[in-house]
Amino acid sequence: MRVVTDLEALSRAAAEEFTRRARAATTRQGHFRVALAGGSTPARLYALLADPRRSWRRRIPWAKVHVFFGDERAVPLTHRDSNYRMARFALLRRVPIPPSQIHPIRVAGHRRSPGLKAAHRAAHLYDRVLRRAFATPDRGIPRFDLVLLGMGADGHVASIFPGSGALRIRRRLVTGVSPPGSAGPGGTRARVTLTLPVINAASCVMILVSGESKSDTLVGVLASRRGRRGAGAAGRGVLPASLVKPTRGDLFWIVDRAAAERLPQG
Ligand code: 6PG
């Protein structure tokens, strides 16, 4: 775990690691396949990667980068809540990645905000996209070179929420989910997410955590990873972030001081 001063420092550290991994993967295998995170934390990272005044943009072999998504909300790709839309404006439309190498999670629906059924349909289609892109046999698990994740204050990663059935999936690559509080009118939307087997198959998982609102949960996550019931949020059962354990890969936590303020010192 790397603790840095603030979100800007976190974004720069993540940009350097992203660049390092992209260069190593393209040198080794001719391509770099990354699953981007949604939410707000990675937006600055994406802007730094795309910034022509910075070294990262020119050091990354964009023509060999293949972009996927860790999760998506059940909204059109043009909707203000779409993770794809955020990544497109911050990064994808500003770097020379061939459009055929950008793979959004498309949730088609007949209404402005399709529901869980549309999310499950989209998950099935994205499963095919992944298997085709990675040439994964039907029972295999694609291995991303890098999976970027944020973490919610409840310990969710991607759209794998505490208590969700997604936590128990062992074979499917992608699933539709109903986030907590999504029941009833005006509830939060259905989502589509990579499953833990895919996340944990990655060569590298980088979890970016910023802000005091995550500090209690971070204590719980690290305590439960050490096999102890943590303080605070850990009392609410398994924290999905604590289940991110790449089987044959690296796990990087990059957190800012505000998020790390309740961690045991030293
Ligand atoms: C999403 C993300 C989600 C996000 C966390 C943290 O679709 O919102 O995939 O998992 O990473 O909720 O969000 P913030 O970065 O906005 O705190």
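Predicted model: local features only at pLDDT ≥ 70, side-chain atom pairs only at ≥ 80, totals over all residues.

Student: How does one find empty space in a protein model?

Tutor: Rolling a probe the size of a water molecule over the atoms shows where empty space is left. In this model, the largest pocket holds about 310 Å³ of space. Its lining counts 21 residues, and the closest to the pocket centre are Gly-38, Gly-39, Gly-150, Met-151 and His-156.

Student: Which strands each supply at least two residues of the lining of the largest pocket?

Tutor: Those are strand E4, residues 71–73, and strand E5, residues 146–150. E5 provides the largest share of the lining, with three residues.

Student: And how do the lining residues divide into nonpolar, polar and charged?

Tutor: Eight of the lining residues are nonpolar, nine are polar and four are charged.

Student: Let's turn to the rings. How should I describe two aromatic side chains that meet?

Tutor: A pair of aromatic rings is described by the distance of the centres and the angle of the planes. Here the count comes to five aromatic pairs. One of them joins Phe-68 and Phe-134, with 5.4 Å from centre to centre and 45° between the planes, and this pair is tilted.

Student: Which parts does that pair tie together?

Tutor: Phe-68 belongs to strand E3, residues 65–69, and Phe-134 to helix H5, residues 116–134, so the pair ties together parts that are 66 residues apart in sequence.

Student: Are Phe-68 and Phe-134 buried or exposed?

Tutor: The cut-off for buried is under 20% relative accessible area. Phe-68 has 0% relative accessibility, so Phe-68 counts as buried. Phe-134 has a relative accessible area of 10%, so Phe-134 is buried as well.

Student: What about the rings of Phe-69 and Tyr-84?

Tutor: Their centres are 5.8 Å apart and their planes stand at 65°; planes over 60 degrees apart count as edge-to-face, so that is the name for this pair. Phe-69 lies in strand E3 and Tyr-84 in helix H4, residues 83–90, so the pair ties together parts 15 residues apart in sequence. Both Phe-69 and Tyr-84 are buried.

Student: Which residues do ring pairs link into a cluster?

Tutor: Phe-68, Phe-134 and Phe-144 are linked into a cluster by ring pairs.

Student: Now the charged side chains. Where does the charged end of Arg-88 sit?

Tutor: The charged end of Arg-88 sits over the ring of Phe-89, 5.4 Å from the ring centre. Phe-89 also has a backbone oxygen that lies 3.4 Å from a polar atom of the Arg-93 side chain.

Student: Where does Arg-93 lie, and is Arg-93 buried or exposed?

Tutor: Arg-93 is in the loop between H4 and H5. With a relative accessible area of 52%, Arg-93 is exposed. The C-alpha atoms of Arg-93 and Ala-50 are separated by 8.9 Å, although these residues are 43 residues apart along the chain.

Student: Could we finish with two aspartates, Asp-127 and Asp-138?

Tutor: Asp-127 has its place in helix H5 and counts as buried at 8% relative accessibility. A polar contact of 2.8 Å joins the side chain of Asp-127 to that of Arg-131. Asp-138 lies in the loop between H5 and E5, and Asp-138 is exposed, with a relative accessible area of 57%.

Conventions:
Residues numbered from 1 in each chain as written. Heavy atoms only, no water. 1 Å grid on protein atoms, 1.4 Å probe; cavity = no way out; pocket = protein on both sides within 12 Å on 5 of 7 lines; lining within 4 Å. Points joined across faces, edges and corners; volume = space filled by probe spheres on them. Helix = DSSP H or I, 4+ residues; strand = E, 2+ residues; numbered from the N terminus. Nonpolar A, V, L, I, M, F, W, Y, C, P; charged D, E, K, R; others polar. Phe/Tyr/Trp six-rings, centres within 6.5 Å; stacked < 30°, edge-to-face > 60°. Buried < 20%, exposed > 50% of the residue type's maximum accessible area, 1.4 Å probe, protein only. Lys NZ or Arg CZ within 6 Å of the ring centre and 35° of its normal. Polar contact = N/O pair within 3.5 Å; in protein donor to acceptor, adjacent residues only side chain to side chain.
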